[in-house]
Amino acid sequence: MTWVVLVSLLGPFLISLVSTFIVRAVSRRIGFIDQPGGHKQHGRLVALGGGVAFFATISGALLLGTWIGKSYVAADVPSWFPVALVPHLPGIAAKFPSVLAILGCTLLLHIVGLIDDRKPLGPWFKLAIQVAMALVVAWPLGIRAVQFLPAPLSVLITVLWIVVITNAFNFLDNMDGLSAGVAAIAAGIFGLAAAGSGQVFVPMMCWVVVGSLVGFLCLNFSPASIFMGDAGSLVIGFLLGVVTILTTFYDPSKNLTPIGVFVPLLVLAVPLYDVTSVVIHRHRLGQSPFRGDRRHFSHRLVRRGMSDRGAVMTIYLATAATGLPAIVLPRLTDWTDATLLLIQCLCVVLIIAILEHAGMAWDKPQNLDP
């Protein structure tokens, strides 16, 4: 299985890296460029369309993987095929229709994002498309959170969750390398959690996402030479929202306790904090929650004296600090231990809040004379 993980990571990484170079060159040639100004803090022309590179990589890898599983399910498995994967081939093959449907929804969001990157469509239209695609996932596909609840309520919660996570990563795309890096960390943690629960397809899906995003990050980390745009941020937010539902966090037959349902909240605590705090700030000012500005978590850290890279790395570390302990959460049987992990996550978020808000007092000169 080790080399399967490596292939799932390194293959998409290399393809995404090469694709990003190509997309950057094409975007520059056709004038698909992000202009500085307004709430945007970069002072240079930067190529757009980075989302095309990793979306194509993720889609191609997932389609190829599920197609291979489907092809070999009823045929003789070749000698080179990993023995550990053979028992899982029927399950992988069964997911082929779902993968097609999920990627179809993601493709529509990707196209909407591309159009919006070229000419703004308006936030409410994009929100309507997000709701529609989340509804497709929750209703006909039956991919739902909290399935023990009545179906209508489960569908409602699922749609709300996917839309919130989609917008959280769209909001987080406000600094070089930020959204892609946080998404890669989160996808990696979900991959480990899914592997720990005995799943195969979901971890491989997560590794593909991680490899694709890291390949893109090579050109997107500060100073970025290409941006993902809405065509990329909507894709990774939507896919991560779906992944959190596909991952098994509670299964008594596998000794996974109900405490595991809190895993997504811990792993995505930082993006959720950012989108919540920004919406509250804008509401207090009487502004639309979708109006772009520089009130994001990352911007507030920079105003406290951090460099752009320092702010991004701080958010990476905060994401890892809240997310990594969540891997063991589903196997905890003692609510005391689980509560301690939840408190630890809350403490990290509170430290973030203190760092970004309490700095105002430090901006003023202090009189040190007795």
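**View 1. Lys126 and its burial.** At 13% relative accessibility, Lys126 counts as buried, because buried means under 20% relative accessible area, with exposed over 50% and partly exposed in between (1.4 Å probe, protein chains only). Salt bridges that share partners connect Asp116, Lys126 and Asp230 in one network. This is a predicted model, in which local features need pLDDT of at least 70 and side-chain atom pairs count only at pLDDT 80 or more, while totals for chains, interfaces and linings use all residues. Residues are numbered from 1 along each chain as its sequence is written, and side-chain values use heavy atoms, leaving out hydrogens and water.

**View 2. The salt bridge of Asp230 with Lys126.** The closest N and O atoms of Asp230 and Lys126 are 2.7 Å apart; a salt bridge is a side-chain nitrogen of Lys or Arg within 4 Å of a carboxyl oxygen of Asp or Glu. The pair links distant parts of the chain, 104 residues apart: Asp230 lies in helix H9 (residues 229-246) and Lys126 in helix H5. Helices (H or I, at least four residues) and strands (E, at least two) are DSSP runs, numbered from the N terminus. Asp230 is buried, with a relative accessible area of 13%.

**View 3. The salt bridge of Asp116 with Lys126.** Their side chains meet at 3.1 Å, N to O. Asp116 belongs to helix H4 (residues 96-118) and Lys126 to helix H5 (residues 123-138), ten residues apart. Both Asp116 and Lys126 are buried. The whole structure has two salt bridges.

**View 4. Gln199 in a loop.** Gln199 sits between helix H7 (178-196) and helix H8 (201-220), and is buried at 17% relative accessible area.
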